[in-house]
Amino acid sequence: CRQTPQAFSHFTWWQSEGGLIIVDIQGVQDLYTDPMIHSPDDFQWCDSNFGLRGVALYFHSHKCNSVCNVLQLPEFEVFRRPEGEEPVADITVEEVKELVPLDVEFWRGRKVREFTKLVRPLRDSAVHMEMANLFLKGRFDDKPDGKGCLFHLVQAAKGGLMIAVLALARCLAGLPSEDFDLPEIVGDVEEFGPVIQVLLEVAAAGSSEPAMAGLAMALHYGTYGETSWARAASKYKVLWDMMKNRTYEDPIDQTFVGIRVPTGWKSEFGWMDSPLSGQTITEVDVAAALATIYEEGDAPQLPVNTAKAAEWYEIAAEAATDHGLAKKAMQYLDKAAVLADDARTEEELSPRSEKVAPSPAFGIPRTEPTTE
């Protein structure tokens with residue numbers, strides 16, 4: 001069979017920088033007619049435009065040929081199961097180690113972005129995300145394929161797709177997601193803790209609110225090996241600012257998930273859920289967590305600070321009032337009052353500091369001892 005049509009489809013994806021792919025080519029020799037066009041951009045050329053999903057279906061069936069090689073088209077990595085091996089939905093710890101780079105330095109500092117614009121570096125990653133979804137739904141082998149799903153989830157995360165990084169961390173943690181099916185890992189996933197934490201750090205650095213929430217709670221409760229209340233407090237404060245500065249957008253039409261945007265778009269992947277209650281954390285929970293951290297302290301990195309604890313309990317009370325939680329608001333106000341009294345007592349009992357008085361010459365401050 002002629003190799004040109006398959007190579008031409010591959011060429012259109014590369015030449016358009018991921019803007020479109022022309023498939024289902026018919027005609028005589030190299031005179032092509034009646035094509036289908038899959039495009040993830042906002043415009044729709046025809047009813048048969050399957051967008052990202054169409055691109056994923058094409059690359060799963062495509063194998064680069066001599067024409068692709070002559071054109072120096074980069075190969076699109078696709079998971080190929082060894083012949084005779086049956087696909088299964090679950091994956092083993094050993095298979096995870098084969099597919100996922102577990103060296104934290106591989107992921108540390110990696111740049112990730114939201115899928116707000118279909119820029120070229122994220123288009124291939126979005127296709128990988130769509131492939132991951134299709135593998136686990138059994139679209140390629142009539143059976144769910146967890147290994148194929150994880151392979152493409154890793155490729156999407158490597159490419160800097162924010163939701164893929166969040167999904168990969170969730171998968172390695174052995175935790176489910178309501179919005180995106182993930183393969184279940186059979187075996188002990190505790191050893192993946194350091195990688196999970198780094199993935200959350202990378203996504204948090206990319207301004208992901210769910211990642212910041214997951215990271216703050218992980219550091220607070222030592223979920224993935226490291227317990228640091230000082231770092232947790234820092235992340236909680238950033239999360240608080242994110243929550244207070246949210247910009248609300250209209251939800252995307254679900255018709256276009258898998259076409260204009262990848263499956264899993266806008267998913268939090270469960271990282272906003274509290275490990276204690278299982279409920280989505282709010283500003284109330286964040287302020288209360290900060291108050292608790294400052295009230296109890298974590299010496300030597302984070303000494304007890306009753307004044308800050310009182311301040312955050314007051315903030316938590318205000319947030320609770322805004323959420324209609326009157327009883328909880330009163331509890332936080334009572335705690336704030338007690339701690340504020342304690343803070344004033346501590347200040348009165350502490351050694352008086354030196355006063356700084358202006359020097360008579362040139363107004364330069366000079367230090368004078370306190371006289372009783």
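Predicted model: local features only at pLDDT ≥ 70, side-chain atom pairs only at ≥ 80, totals over all residues.
Local features need pLDDT of at least 70 and side-chain atom pairs pLDDT 80 or more, while totals for chains, interfaces and linings use all residues. Residues are numbered from 1 along each chain as its sequence is written, and side-chain values use heavy atoms, without hydrogens and water.

Student: Which residue does R81 pair with in a salt bridge, and how far apart in sequence are the parts tied together?
Tutor: A salt bridge is a side-chain nitrogen of Lys or Arg within 4 Å of a carboxyl oxygen of Asp or Glu. The partner of R81 is D145, with the closest N and O atoms 2.5 Å apart. R81 lies in the loop between α3 (66-70) and β5 (91-92) and D145 in the loop between α6 (120-136) and α7 (146-158), so the parts tied together are apart in sequence by 64 residues.

Student: Is D145 buried or exposed?
Tutor: D145 belongs to a salt-bridge network with R81, E85, E98 and K147. Because its relative accessibility is 0%, D145 counts as buried.

Student: Which helix holds the residue E201 that pairs with R108?
Tutor: R108 has a salt bridge with E105 at 3.2 Å between the closest N and O atoms, and E201 forms one with R108 at 3.7 Å. R108 lies in the loop between α5 (104-107) and α6, and E201 in residues 193-205, helix α9.

Student: Which element gives the largest share of the lining of the second largest pocket?
Tutor: On a 1 Å grid over the protein atoms alone, a pocket is an open set of points where a 1.4 Å probe fits, with protein on both sides within 12 Å along at least five of seven lines; lining residues have an atom within 4 Å of a point. Here 22 residues line the pocket, and Y221, S274, L276, D285 and A288 lie nearest its centre. Two or more lining residues come from each of α10 (209-221), α12 (283-296) and α14 (326-349). The largest share, six residues, comes from α12.

How values were computed. Helix = DSSP H or I, 4+ residues; strand = E, 2+ residues; numbered from the N terminus. Buried < 20%, exposed > 50% of the residue type's maximum accessible area, 1.4 Å probe, protein only.
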